[in-house]
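Visitor: I've got the coordinates loaded, and I'd like to talk through the packing. Can you walk me around?

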Amino acid sequence: MSFLLPLSLRASIRNIMKPALFRRHSSTFHGLKVSQDRLWQTLQSTVHDTSGAKDGGLSRLSCSNEDKIARDWLANEAQSLGAKYEVDAMGSQWVTLPGENNDVAPIGIGSHLDSVQRGGKFDGPLGVFTGLEVLKMLKETGRKTFAPVSVINWTNEEGARFPPGCMSSAVWSGQLDLEYAHACTDTMDRSISIKDELKRIGYLGTKGVSFKANPLSAHFEIHIEQGNRLEKSGADVGVVDSIQGMRWFDVSLRGVTRHTDTTYMTNRQDALVGASKVVLEVERIGRASQTGMATVSLFRSAPQNFCNIPSEVDFSFSMQHTDLKTLQGMTEDLKEFVYVTAKEHGLEVEKFVDVWSFDPGVFDPVAVECVESAAKAMGFKYDKLCSHTGGVIGHDSIYTRMVCPTAMVFTPCRDGISHSPLEYASPKNCSVGAQTVLGAVLKYDDILRKKFSRNI
């Protein structure tokens, strides 16, 4: 029986019986390997000067002074590489190493450097710094790709300061008008637009913001999972093949403000009470959906004093699900509840606006296969996953997928925590994910080489 065998022999037998997919190998791809130490050092060192936070996290809001410092750092790195460097009219930074055929659109590795108000150091920067590490490795080894390779720092992915998020990739993919995006304002000061701030920090570029004027052959992005599925399964990396759908609504309820001390409960038209019931219903619908999400955010009530019944409430809510029919049912049920509740409390629904809608979808199967085969070739244990962040508050890849082959790589993060100073991915997790991106890019580059060779 196996328990009578020596421990070393049992371990050897387990390794032999384990599928090749899950066995450890050298973690190189065609003899090429990213530097784990350099990638980790970049992630840590860039936070010290640009964090804007005192709790070990990251507070680098889009177009802030901290964002400018990080952008300047990336620009200097591009110059040190001798790479082509451009800034587009949305402030996105493009760092490009030439290939053998520069008439072919670049293969992009993109993500973002901005953060939420109290975020972590991995959400976004891991993607940009992985791209930079790939370029450094290609440069150092003298490996010339067939197509150019571009690293992209997409402006305002988070949307924490200037909603909506994924702003520059949405403009690039034709889903958002440039003039509309430029006019979007700071949530804390509506007199400040993102265009104003891009100009102030010196990043209102001139390069076109359009997939037609500025195309990509493909787009790859690595991101921490922002969940704990990989951690629970023990997988090294996630191959993202699909995205969940989402809906985002802005709602305004209006009642009547009166004296809190003299107005009987039967005579009240309290907008805050009505809105509070809606908040609880959003929570109930989210839980009832089993695998969906539902959240109320950006909640404001007025007047803000001890002596007045709140007559104005403005709030936003979002809902997510992988099944379109279920997602539609969730939003329809909530909308009906809002109007019924408003009527019960004598309130007016001044606004119920669908700010952004995004249906569930899939990533390009060829690009996904490049990620999967790269992970498999290097012996990484992987899971195929659906991205649980989509649409206006998701990933830039959600938008690039609309106009070019796109795939994502997820790396495990501790306890699934994200958008928090507690956010953490180990050096090994980061390098395995970066190595998978490297392999995927080189595999897609081979596809382009064969495609254009047939056309000669």
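Visitor: Which residues of α13 does α11 meet?
Guide: Keep in mind that this is a predicted model. On the α11 side, the residues in contact are Val366, Cys370, Val371, Ser373, Ala374 and Ala375. Their partners in α13 are Thr436, Gly439, Ala440, Lys443, Tyr444 and Ile447.

Visitor: By class, how many residues in the contact of α11 with α13 are nonpolar?
Guide: Gly goes with the polar group here. The contact has three polar residues and one charged. The nonpolar count is eight.

Visitor: What do we call the angle of α11 to α13?
Guide: The axes of α11 (residues 365-377) and α13 (residues 427-454) come within 8 Å and cross at roughly 125°. Perpendicular would need 65 to 115 degrees, and antiparallel over 145. That makes the arrangement of α11 to α13 oblique.

Visitor: In which hand does α11 pass α13?
Guide: The crossing angle is roughly 125°, but the hand is a separate matter. For α11 passing α13, the crossing is right-handed.

Visitor: How far apart in sequence are the parts that the Phe146 and Phe452 pair ties together?
Guide: The structure holds 16 aromatic pairs. Phe146 and Phe452 form a tilted one, 6.0 Å centre to centre with 40° between the planes. Phe146 sits in the loop between α4 (125-141) and β4 (149-153) and Phe452 in helix α13, so the separation is 306 residues.

Visitor: Where is the pLDDT below 50?
Guide: The protein chain averages a pLDDT of 90, and 91% of the residues score at least 70. One stretch, with 25 contacts beyond near neighbours in sequence, is below 50: residues 1-26.

How values were computed:
Residues are numbered from 1 along each chain as its sequence is written. This is a predicted model: local features need pLDDT of at least 70, side-chain atom pairs count only at pLDDT 80 or more; totals for chains, interfaces and linings use all residues. Side-chain values use heavy atoms; hydrogens and water are left out. Axes are lines fitted to C-alpha atoms, for helices over the stretch in contact, and angles run from 0 to 180 degrees between N-to-C directions. Helices (H or I, at least four residues) and strands (E, at least two) are DSSP runs, numbered from the N terminus. Angles under 35 degrees count as roughly parallel, over 145 as roughly antiparallel, 65 to 115 as roughly perpendicular and the rest as oblique. A crossing is left-handed if the near helix is turned anticlockwise from the far one by less than a right angle, and right-handed if clockwise. Contact means heavy atoms within 4.5 Å. pLDDT is the predictor's confidence in each residue, from 0 to 100. Rings of Phe, Tyr and Trp (its six-membered ring) pair if their centres lie within 6.5 Å; planes under 30 degrees apart count as stacked, over 60 as edge-to-face and the rest as tilted.
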